[in-house]
Amino acid sequence: MVYLAPLPTFYRIYKKKSTEGFQSLPYLVALFSSMLWLYYASLKPADATLLITINSLGCVIEIVYIIMFTIYATKDARNLTVKLFMVMNVGSFALIFLVTYFAMHGSLRVQVVGWVCVSIAVGVFAAPLSIVAQVIRTKNVEFMPFNLSLFLTISAVMWFFYGLLLKDICIAIPNILGFTLGLLQMLLYAIYRNGKTNNKEVVTKEEHALEAMKNVVVVNPLGTCEVYPVIGKEINNNGQGIEGAEEKEKGVELGKECPV
């Protein structure tokens with residue numbers, strides 16, 4: 001469910017043919033994490049069928065997401081995504097694999113790879129923090145999918161107890177942070193879920209005010225200014241309506257320089 005949670009996001013990207021304000025980092029980090037967990041599961045002496053099956057599926061799904069993102073992203077976003085993929089998913093994974101496979105043996109290799117997985121799993125949960133910062137700055141949750149935050153939180157709880165029952169701290173520890181960050185994201189969603197509407201209302205009010213100003217003052221390029229009455233309803237400084245306009249307040253003084 002965590003891997004499938006971004007489906008509405010990518011359906012939106014497909015429909016609009018644009019990645020808009022979405023970022024590729026969470027999906028790149030999720031792919032990197034799945035690759036490392038597969039490697040860790042292959043090293044464990046005990047049965048690791050659940051780790052292998054879910055992370056194999058995760059690798060396939062995340063690759064599809066990343067391909068879709070690069071197709072519809074802007075040139076800069078596409079280039080950044082490719083660079084991050086080559087550095088993190090190819091270069092870093094190859095380095096970890098070569099060092100641990102050839103330089104370490106037995107239980108030490110399992111422990112080192114396990115703690116590397118812990119650090120990357122923390123990164124998976126922390127990756128959406130870039131979106132969290134955007135939400136706080138813009139007071140808009142449009143680009144922070146609620147489904148992903150919800151299923152990350154539920155998944156973190158389940159994997160924590162799974163690791164605890166197996167006495168595998170490498171599985172249990174990162175999910176404590178995952179649960180905490182998932183709750184933070186859902187809390188921000190609850191706070192700013194109406195931010196988009198409020199922003200639109202503010203913009204509308206500002207547009208009306210600017211439109212009213214355009215109808216009041218006309219600047220003459222010769223250096224004089226004329227203040228014309230607005231036919232209909234004007235708005236004074238107190239925000240109260242003034243019906244019509246009085247001819248005596250026209251205030252046209254030709255030949256006098258505009259105070260502006």
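Q: What makes two rings an aromatic pair in this predicted model?
A: Rings of Phe, Tyr and Trp pair if their centres lie within 6.5 Å. By this rule there are eleven aromatic pairs. Tyr-39, Phe-93, Phe-97, Tyr-101 and Phe-102 form one aromatic cluster.

Q: Why is the pair of Phe-10 and Tyr-65 called stacked?
A: Planes under 30 degrees apart count as stacked. The planes of Phe-10 and Tyr-65 are at 10°, with the ring centres 4.5 Å apart, so the pair is stacked.

Q: What makes this pair a tie between parts apart in sequence?
A: Phe-10 lies in helix H1 (residues 7-16) and Tyr-65 in helix H3. The pair therefore ties together parts that are 55 residues apart in sequence. Both Phe-10 and Tyr-65 are buried.

Q: Why is the pair of Tyr-39 and Phe-93 called edge-to-face?
A: Planes over 60 degrees apart count as edge-to-face. For Tyr-39 and Phe-93 the angle between the planes is 75°, and the rings are 6.5 Å centre to centre. The pair is edge-to-face.

Q: Which helices hold Tyr-39 and Phe-93?
A: Tyr-39 lies in helix H2 (residues 25-43) and Phe-93 in helix H4, so the pair ties together parts that are 54 residues apart in sequence.

Q: How do you know whether Tyr-39 is buried or exposed?
A: Buried means under 20% relative accessible area. Tyr-39 has 7%, so Tyr-39 is buried.

Q: What makes Lys-17 a charge over the ring of Tyr-14?
A: The distance cut-off is within 6 Å of the ring centre, and the direction must be within 35 degrees of the ring normal. The charged end of Lys-17 sits over the Tyr-14 ring, 4.0 Å from its centre. Arg-109 lies over the face of Tyr-101, at 4.9 Å from the ring centre.

Q: How do you know that the buried residues of H6 share a side?
A: The buried residues of helix H6 (residues 129-138) are Ile-131, Val-132, Gln-134 and Val-135. They cover an arc of only 160° around the axis, which puts them on the same side of H6. These buried residues pack against helix H8 (169-192). Just after H6, Lys-139 takes a positive phi of about 55°.

Q: What describes the packing of H3 and H4, and which residues make the contact?
A: Helix H3 (residues 49-72) and helix H4 (residues 75-103) pack at about 145°, with their axes 8 Å apart. H3 brings Ile-66, Phe-69, Thr-70 and Ile-71 to the contact, and H4 brings Ala-77, Arg-78 and Thr-81. These contact residues divide into four nonpolar, two polar and one charged.

Key: Residues numbered from 1 in each chain as written. Predicted model: local features only at pLDDT ≥ 70, side-chain atom pairs only at ≥ 80, totals over all residues. Heavy atoms only, no water. Axes fitted to C-alpha atoms, helices over the stretch in contact; angles between N-to-C directions. Helix = DSSP H or I, 4+ residues; strand = E, 2+ residues; numbered from the N terminus. Contact = heavy atoms within 4.5 Å. Nonpolar A, V, L, I, M, F, W, Y, C, P; charged D, E, K, R; others polar. Buried < 20%, exposed > 50% of the residue type's maximum accessible area, 1.4 Å probe, protein only. Arc of directions from axis to C-beta. Phe/Tyr/Trp six-rings, centres within 6.5 Å; stacked < 30°, edge-to-face > 60°.
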